[in-house]
Amino acid sequence: MADITAAAVKELREKSGAGMMDCKKALTENGGDMDSAIDWLRTKGLATAAKKSSRTAAEGLVGVVVEGTRGAAVEVNSETDFVAKNEQFQDFVRTVTKLALTTGDDIAALGSAGYPGADSVSEKLTANIATIGENQTLRRAKVVEVTKGTVVPYVHNAAAPGLGKIGVLVALEGDAPVADMEAVGKQIAMHIAAAFPQALNEEGLDPTVIERERAIAAEKAAESGKPAEIIEKMVLGAIAKFRKENALLSQIFVIDNKTPIAQVVANAAKAAGGSITLKDYVRFQLGEGIEKETSDFAAEVAAAAKG
């Protein structure tokens, strides 16, 4: 039997785009011959993943799951919304989301985790790319947990149980009855889906985002032609408004349009006769931040005709 080196496996992976274990098996099956191994991968449908990996994947599914006092959210992308309806893809997202409960936020650790019937999540993903026929990516994962309390999941416009385009988790810590915590948690989760907070509280807002907003506010204020001291107050007011509107606890509850979320939680705790603290949350919206490719269909047809 040929001695299969790590360097050879790496070379084959770079050439084929197939997973590490598939590359090793291909080399083993073909006595270490690189060309034969590539042909072997092609016959298995695994080498096709390489060509698909360069295509933008901004569709797909967000999965959420809760077990006990721990919840996980995962985003897996595909090229088209059609794949999100594929049972094989849905099962993959559902399984990976459950695995994230153990691996946590580290997407590399999740990719390396063992997958039922496969060597790893990454290997299974590569196989899915080959069989489904679209590029797919494991984009991000987030886990929240509480010591005592509950984690409430919510999926907006669910494609299947626990799967959809917007997934939310709300982590509530406290000793209030779980039923009461789940009730207010569901309402807050719906608020989060609609209001898109950028952080739990004002202190958690990204400083670079604040500075960008400050620069925009300063430029707008300068156009007013007012004195410098007035402009400074205008900028400070604009930043204070931005902080309030983008931190979850200070956002106004979308359901009644008047109560800050912090007060919503306090009111629920008082009504339940126990303590409730909004400890953390997750909001994953499918494809947010991914720059989608645009194409000129007429130009593509013309190019094809010329070809």
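**Strands, helices and a pocket**

Modeller: This is a predicted model. Strand β6, residues 166-173, pairs with β7 over eight bridges, in the antiparallel sense.

Biologist: Which residue of β7 is the bridge partner of I166?

Modeller: The bridge partner of I166 is Q285 in β7.

Biologist: What is the order of the strands in that open sheet?

Modeller: The order is β4-β6-β7, three strands with antiparallel pairing. β4 (149-156) and β7 are at the edges with a single partner strand each, so one side of each has no neighbour in the sheet. On average, neighbouring strands of this sheet are turned by 10° against each other, with direction ignored.

Biologist: Now the open sheet of four strands. What is its order?

Modeller: Its strands are ordered β3-β2-β1-β5, and the pairing is antiparallel. β3 and β5 (163-164) are the edge strands, each pairing on one side only.

Biologist: How many bridges join β2 to β3?

Modeller: Nine bridges join β3 to strand β2, which covers residues 70-78, and the two run antiparallel. In one of these pairings, A73 has K142 of β3 as its bridge partner.

Biologist: Which helix packs on this sheet?

Modeller: Helix α5 does, touching β1 (59-67), β2, β3 and β5. The direction of α5 makes about 140° with that of β2.

Biologist: Let us stay with α5. At what angle do the axes of α5 and α7 cross?

Modeller: The axes of α5 (residues 87-103) and α7 (residues 121-132) cross at roughly 170° and come within 11 Å. That angle makes α5 roughly antiparallel to α7, because angles over 145 degrees are counted that way.

Biologist: Which residues meet there?

Modeller: From α5, Q88, F89, F92, V96 and L99 meet V121, K124, L125, N128, T131 and I132 of α7. By class, this contact of α5 with α7 has seven nonpolar, three polar and one charged residues.

Biologist: A change of topic: what is the volume of the largest pocket?

Modeller: The volume of the largest pocket is about 210 Å³.

Biologist: Which elements give two or more residues to its lining?

Modeller: Those elements are β3 (136-145) and β7 (277-285). The largest share, five residues, comes from β7. The lining includes R140 and K142, as well as D280, Y281, V282, R283 and F284. Also among the lining residues are F196, P197, Q198 and E288.

Biologist: And how many of the lining residues are charged?

Modeller: Five are charged, five are nonpolar and one is polar.

Definitions and conventions:
Residues are numbered from 1 along each chain as its sequence is written. This is a predicted model: local features need pLDDT of at least 70, side-chain atom pairs count only at pLDDT 80 or more; totals for chains, interfaces and linings use all residues. Side-chain values use heavy atoms; hydrogens and water are left out. On a 1 Å grid over the protein atoms alone, a cavity is a set of points where a 1.4 Å probe fits but cannot get out, and a pocket is an open set with protein on both sides within 12 Å along at least five of seven lines; lining residues have an atom within 4 Å of a point. Grid points are joined across faces, edges and corners, and a volume is the space filled by probe spheres set on the points. Ala, Val, Leu, Ile, Met, Phe, Trp, Tyr, Cys and Pro count as nonpolar, Asp, Glu, Lys and Arg as charged, and the others, Gly among them, as polar. Axes are lines fitted to C-alpha atoms, for helices over the stretch in contact, and angles run from 0 to 180 degrees between N-to-C directions. Angles under 35 degrees count as roughly parallel, over 145 as roughly antiparallel, 65 to 115 as roughly perpendicular and the rest as oblique. Contact means heavy atoms within 4.5 Å. Two strands pair if DSSP finds at least two bridges between them.
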